[in-house]
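Hi,

Here is the structure I said I would pass on. Have a look at it first, and then read my notes below.

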Amino acid sequence: MTRIVGFISGSLFGAGLLLSGMLDPTKVIGFLDLGGLWDPSLAFVMGGGVIVNAIGHSFLHRRSKPLIAKAFMLPEKKDLDLPLCIGAAIFGIGWGIAGLCPGPAVASLLLNHFYSMQFVLFLLAGLQLGNMIKKFK
Amino acid sequence: MNIDMEHFTPWLSLYGGVLIGLAALLLMAFNGRVMGVSGILSAIFDWRSTWNERSWRVAFITGAIIMPWLLVRFTGFEPLMRPVVNGVTLAIAAFLVGLGTAIGSGCTSGHGICGLARFSKRSLVAVLIFMATAMMTVFITRYLGIGR
């Protein structure tokens, strides 16, 4: 069942990315480009997503466990640390160069074949290195 | 500040965002998991992951890949998809995205959609930082001509 939920969630995620225009790197850069013509769309995507998720979460708080799985698996760290800040900074630089991040890159694999595949391959390589660094930090 | 009225899509982006929020909510409500794409990918490619850990994630990624294709194929929706960089620049950017998201424990879906909805202090800081560096990067590459 968790697999079915996973598939449905992924499908909704992909559909949402497509509909919102987030599969278009130029549109994402348009949001990040404060100096030129500004496209606020990404803020609307985030806003819509966060609000819906937050409202739903307020109902989930009353539960001690999820509807199918045995327990909520939430991130354990609560405090700010250096890896969080440095990692976010590096991520932002890459994102600002390409206008793509993991979700849209994966979601556009069948629509953009080689371009998305190239991104995903190097993304995975970066993930591997990052995960190895985290283990030794 | 001039708004790009030709490309700004308030309603489509809002509805798309709602779908993304629902996707995240579903995953948390039923599977108890944060919808963080980088974390999902990391776990899939971690040799130590068990079948149980890997299978729902593979199902997620499969849905994320297939649904956009299905929608385009069968509804005639023609999304604009205009790449910004190519070749070596693309490779470097992708590598930085992967590196940063692993070290920073999340990306726009994990910290942005999920972390902010949980009022996570860590995610708020992460989002502020990556938005800032992304905007600075765009500014530098666009207006100072570096890397373009």
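**What turned up**

Let me start with Phe44(A), which counts as partly exposed because its relative accessibility is 32%. Keep in mind that this is a predicted model.

Phe8(B) has a relative accessibility of 17%, so it counts as buried; the cut-off for that is under 20%.

Another aromatic pair is Phe91(A) with Trp95(A), and this one is stacked, at 5.9 Å centre to centre with 25° between the planes. Why are Phe91(A) and Trp95(A) separated by about one helical turn? Because they are four residues apart in helix 4 of chain A. As a general point, an α-helix has 3.6 residues a turn, so residues three or four places apart point the same way. Phe91(A) is buried, with a relative accessible area of 0%, and Trp95(A) is buried too, with 2%. Ring pairs also bring in Phe130(B), linking it with Phe91(A) and Trp95(A) into a cluster.

While we're on rings, take a look at Phe74(B) as well: the charged end of Arg73(B) sits over its ring, 5.1 Å from the centre.

**Helix 4 of chain A**

Helix 4 of chain A covers residues 82–98, 17 residues in total, and spans 25 Å from its first C-alpha to its last, close to the 24 Å expected at 1.5 Å a residue. Is it enclosed or open? Twelve of its 17 residues are buried, so helix 4 of chain A is largely enclosed by the rest of the structure. Among the buried ones are Pro83(A), Leu84(A), Ile90(A) and Ile97(A), along with several glycines including Gly87(A), Gly92(A) and Gly94(A).

The two ends are worth a click. At the N-terminal end, Asp81(A) caps helix 4 of chain A, with a side-chain oxygen 3.1 Å from the backbone nitrogen of Leu84(A). Just after the helix, Gly99(A) takes a positive phi of about 70°.

**Pocket and cavity**

The largest pocket holds about 1,500 Å³ of space. Its lining has 42 residues, and those nearest its centre are Pro75(A), Lys134(A), Gly39(B), Arg57(B) and Ser105(B). Two or more lining residues come from each of helix 6 (109–136) of chain A and, in chain B, helix 2 (37–44), helix 3 (51–75), helix 4 (87–103), helix 5 (108–117) and helix 6 (121–143). Which element gives the most to the lining of the largest pocket? That would be helix 6 of chain A, with seven residues.

As for cavities, the search finds one of 30 Å³ or more. The largest cavity holds about 200 Å³ and is lined by 18 residues, with Leu17(A), Met22(A), Met46(A), Cys101(A) and Thr108(B) nearest its centre. Helix 1 (2–20), helix 3 and helix 5 (102–107) of chain A give two or more residues each to that lining, as does helix 5 of chain B.

Cheers

Definitions and conventions: Residues are numbered from 1 along each chain as its sequence is written. Chains are lettered from A and ligands numbered from 1 in the order in which they are written. This is a predicted model: local features need pLDDT of at least 70, side-chain atom pairs count only at pLDDT 80 or more; totals for chains, interfaces and linings use all residues. Side-chain values use heavy atoms; hydrogens and water are left out. The expected span of a helix is 1.5 Å times one less than its number of residues. Buried means under 20% relative accessible area, exposed over 50%, partly exposed in between (1.4 Å probe, protein chains only). A polar contact is a pair of N or O atoms within 3.5 Å; within protein, one must be able to donate a hydrogen and the other to accept it, and residues adjacent in sequence count only if both atoms are side-chain atoms. Rings of Phe, Tyr and Trp (its six-membered ring) pair if their centres lie within 6.5 Å; planes under 30 degrees apart count as stacked, over 60 as edge-to-face and the rest as tilted. A charge sits over a ring if NZ of Lys or CZ of Arg is within 6 Å of the ring centre and within 35 degrees of the ring normal. On a 1 Å grid over the protein atoms alone, a cavity is a set of points where a 1.4 Å probe fits but cannot get out, and a pocket is an open set with protein on both sides within 12 Å along at least five of seven lines; lining residues have an atom within 4 Å of a point. Grid points are joined across faces, edges and corners, and a volume is the space filled by probe spheres set on the points.
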